[in-house]
Amino acid sequence: REEDKEIVEDSGAFAAPKLVSVSGGVVNAEGVYTVANNPAVISGTASGASQIVVNGYALQKFTPGSGAWTYYANADFGLMKEGQNNFEVYAVDAAGKKSALLNFKVLYQPVKAVEVAPVPVEEVAN
């Protein structure tokens, strides 16, 4: 909805976070990262940020001013589901101002375990 969109000004050095990598992810022609590992380790950079927010969650281990951030999209905790996942990341500066959004998609396709039927063990005659 148009009225839900927040107007964000670009303040020079303070810009939208950038995506550096999605561990194990292969990006396709549509810009979607495909991963099989859990968690998917997502990392990026952000200059001038005092906080990084991923899908509404403020990263607790982000060091203000460090410029580097990491997010662990762990399916076991509901942070990623099988299929397509949309991620929205923004930075917050020391004054509480939000940056522009970084949006990207991750397609989670876990490797399914193959069940093997047990092989009967023949008794060994004594």
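Is Asn74 buried or exposed? At 14% relative accessibility, Asn74 counts as buried, because buried means under 20% relative accessible area, with exposed meaning over 50% and partly exposed in between, using a 1.4 Å probe and the protein chains only.

First, some ground rules. This is a predicted model, where local features need pLDDT of at least 70, side-chain atom pairs count only at pLDDT 80 or more, and totals for chains, interfaces and linings use all residues. Residues are numbered from 1 along each chain as its sequence is written, and side-chain values use heavy atoms, with hydrogens and water left out.

Now the layout. The protein has 0 helices and 9 strands, and its elements run β-β-β-β-β-β-β-β-β from the N terminus. Helices (H or I, at least four residues) and strands (E, at least two) are DSSP runs, numbered from the N terminus. Of the 126 residues in the protein, 29% are buried. The accessible surface comes to about 8600 Å², and 54% of it belongs to carbon and sulfur atoms; these areas come from the Shrake-Rupley method with a 1.4 Å probe, and for residues only the protein chains shown count as cover. Taking contacts between residues at least 6 apart in sequence, 58% join residues at least 24 apart, where contact means heavy atoms within 4.5 Å.

Next, the sheet. Six strands form an open sheet in the order E2-E3-E9-E8-E5-E6, with mixed pairing. At its edges are strand E2 (26-27) and strand E6 (57-58), each of which pairs on one side only. Two strands pair if DSSP finds at least two bridges between them.

Let me walk through part of that order. E2 and strand E3, residues 32-35, are antiparallel and share 2 bridges; Val27 has Tyr33 in E3 as its bridge partner. E3 then runs parallel to E9, with 4 bridges between them, and Val35 is opposite Tyr108 in E9. On to E8 and E9, which pair in the antiparallel sense over 7 bridges, with Glu88 opposite Asn103 in E9.

Strand E1 (residues 18-22) runs antiparallel to strand E4 (residues 40-45), joined by 4 bridges, and Ser21 has Ser43 in E4 as its bridge partner. E4 also pairs with E7 in the antiparallel sense, over 6 bridges. Here Ser43 stands opposite Thr70 in E7.

Now the loops, and back to Asn74. Asn74 is in the loop between E7 and E8. Leaving aside neighbours within four places in sequence, Asn74 is in contact with Asn38, Pro39, Leu79 and Met80.

What about Asn38? Asn38 sits in the loop between E3 and E4 and is partly exposed, with a relative accessible area of 28%. Not counting residues up to four places away in sequence, Asn38 touches Ala73, Asn74, Ala75, Asp76, Met80 and Tyr108.

One more loop residue is Lys98, placed between strand E8 (83-92) and strand E9 (102-108). Lys98 counts as partly exposed because its relative accessibility is 32%. Its C-alpha atom is separated by 9.4 Å from that of Gln51, 47 residues apart along the chain.

Last, the pockets. Rolling a probe the size of a water molecule over the atoms shows where empty space is left. On a 1 Å grid over the protein atoms alone, a pocket is an open set of points where a 1.4 Å probe fits, with protein on both sides within 12 Å along at least five of seven lines, and lining residues have an atom within 4 Å of a point.

What is the volume of the largest pocket? About 290 Å³, a volume being the space filled by probe spheres set on the points, which are joined across faces, edges and corners. Strand E7 (residues 68-73) gives the most to the lining, with 5 residues. The lining includes Tyr57, Phe62, Trp69 and Leu79, and its residues divide into 8 nonpolar, 2 polar and 1 charged. For that count, Ala, Val, Leu, Ile, Met, Phe, Trp, Tyr, Cys and Pro are nonpolar, Asp, Glu, Lys and Arg are charged, and the others, Gly among them, are polar.
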